[in-house]
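Hi everyone, thanks for coming. Let me put the structure up, and then we can walk through it together.

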Amino acid sequence: MTLLRDMRYPTPRELGLAARALADEHPGEVRLRQAGASRAGQPLHVLSVAATGGAPLGADRNVLVVAGAHANEPVGGATVLSLARRLLDDPAPRAGCGWHFLLCADPDGANLHRTPRPYSLLDYHRSFFRPPGPEQPEWAPSLLPPDRLPPETLTLTALIDELRPVLQVSLHATDLGGSWVQLTRDIPGLAEPFAKSAAELRIPVENGASDAAGWPSPGPGIFVIPQPGSEAAGAFHPEDTRLSTWYHAHRYAGTTAIVEVPMWASDLVDDPAPHPDPRGALRMLAERLTTDAALVAAVRGSARVREDPPPRPDPAAAPLLRAVDWTLALIPQVAAEWTAGAPAEATAAYIASIDAFGRRLSLRAAAMLLRVLRAEEHPAAPGLDRLVTGWCEDFAARFGARWVPVATQVEHQSRTVLAAYDRLVAARRPDGTAVSSRSS
């Protein structure tokens with residue numbers, strides 16, 4: 001399996017071929033099946049590694065690991081293949097527990113975002129795509145009525161209903177920053193192995209993640225989504241997190257862990273020192289975000305009024321422009337939230353995380369718009385290209401970005417998944433013992 005030796009980001013097709021090869025190598029232990037199809041008719045494959053022996057708690061359990069929920073976060077595919085091989089080499093976590101891997105939750109989106117080996121942030125953004133919230137499999141239930149849910153979401157929820165997983169893990173990635181874990185329920189003891197893995201692999205822990213502002217944190221980089229009615233400030237989300245597929249496992253007493261790893265690391269997001277003026281910093285960041293978004297919106301407006309049709313219509317233009325417009329519409333809400341809800345006290349890590357989040361919003365909108373303009377040979381493309389290039393260079397320089405090899409990203413995600421399962425099982429046992437596994 002050269003895919004894992006090369007340790008690059010796999011395409012959905014490559015994932016399917018590698019999973020088929022693994023199932024053929026281990027016919028008694030591994031099964032590959034199609035659980036559904038995407039909007040474009042691409043297969044949604046599930047790779048299962050069978051449980052071994054009797055269940056320690058007297059009943060079989062299942063773990064569901066979801067890769068590729070966000071099109072621009074491709075590391076999860078490589079991680080699920082690596083995890084499946086680990087489970088075959090070290091079957092301890094399979095004692096009474098079946099492991100199931102949704103290879104790619106959004107293959108249509110993954111085929112629009114292609115960065116098998118990005119060499120820089122600019123290279124990453126040259127082929128960037130991230131669909132609007134309503135088109136993302138995990139977020140769609142938070143933004144759409146049940147009768148409008150996409151088939152990818154229906155496949156995922158049907159899998160959860162079928163497997164009733166004790167643990168669901170969603171594999172995510174950030175372009176630049178650190179690693180962190182979001183939990184729908186606390187998993188006691190997870191912070192220690194998570195931090196140990198990050199330290200060994202030189203991956204910073206994002207202890208002030210903007211996605212989890214104000215959430216309870218049992219340890220650095222571990223955040224528990226607040227329960228309804230909580231006084232926790234909460235991060236800005238246009239959707240209701242508790243309507244996402246992350247919470248679908250709760251109807252079966254399951255827990256969901258969202259594991260984030262960086263493609264490029266920055267030590268700025270791991271700085272616990274108090275920021276000297278967080279309110280002033282957030283006002284400045286909100287102003288910059290508004291100004292940057294206005295530049296992109298102006299180019300988007302010029303693209304709308306072009307009179308001559310493009311010489312070669314691009315089939316990707318429609319989803320790219322939907323994503324551009326959704327992102328531009330989101331930005332004013334984010335800027336208003338930062339201005340109105342600035343905390344009196346905050347760490348340097350938190351402000352750095354907000355800084356990175358704001359930069360990537362405008363940059364992503366510009367990068368996706370640039371793809372459309374280039375395909376249309378639009379006269380505004382060269383100017384937008386210079387803007388995207390400059391923003392990528394500034395982003396990397398400001399945060400001291402350093403590339404995290406794909407193999408390192410995969411290793412940290414795999415360790416965190418196995419540690420989450422170990423600690424979850426240990427918390428449920430009367431004697432508190434954990435599953436023995438060399439991989440955690």
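How many helices and strands are there in the protein chain? There are 13 helices and nine strands, taken as DSSP runs numbered from the N terminus, with at least four residues of H or I for a helix and at least two of E for a strand.

A word on where this comes from: it is a predicted model, where local features need pLDDT of at least 70 and side-chain atom pairs count only at pLDDT 80 or more, while totals for chains, interfaces and linings use all residues. Residues are numbered from 1 along each chain as its sequence is written, and side-chain values use heavy atoms, with hydrogens and water left out.

Of the 440 residues in the protein chain, 58% count as buried; buried is under 20% relative accessible area, exposed over 50%, and partly exposed in between, with a 1.4 Å probe and protein chains only.

Now the inside. The largest nonpolar core has 64 residues, and Trp-338, Leu-369 and Leu-384 have the most contacts within it. By nonpolar core I mean a set of buried Ala, Val, Leu, Ile, Met, Phe, Trp, Tyr and Cys residues joined through side-chain atoms within 4.5 Å. Helix H11, residues 348-375, gives the most to this core, with 16 residues. Apart from this core lies another, of 50 residues, including Leu-32 and Trp-99.

Take Leu-369: leaving aside neighbours within four places in sequence, its contacts (heavy atoms within 4.5 Å) include Val-296, Leu-321 and Leu-384.

Next, helix pairs. The axes of H11 and helix H12, residues 381-399, come within 9 Å and cross at roughly 155°. Those axes are lines fitted to C-alpha atoms, for helices over the stretch in contact, and angles run from 0 to 180 degrees between N-to-C directions. So H11 is roughly antiparallel to H12; under 35 degrees counts as roughly parallel, over 145 as roughly antiparallel, 65 to 115 as roughly perpendicular, and the rest as oblique.

The axes of helix H8 (residues 191-200) and helix H13 (residues 406-428) also come within 9 Å, crossing at roughly 165°. That makes H8 roughly antiparallel to H13. Among the residues making this contact are Phe-194 and Ala-198 of H8, and Arg-415 and Ala-419 of H13.

Last stop: is Gly-76 buried or exposed? Gly-76 sits in helix H3, residues 75-89, and is buried, with a relative accessible area of 0%. Beyond its neighbours within four places in sequence, Gly-76 is in contact with Ala-67, Leu-171 and Gln-413.
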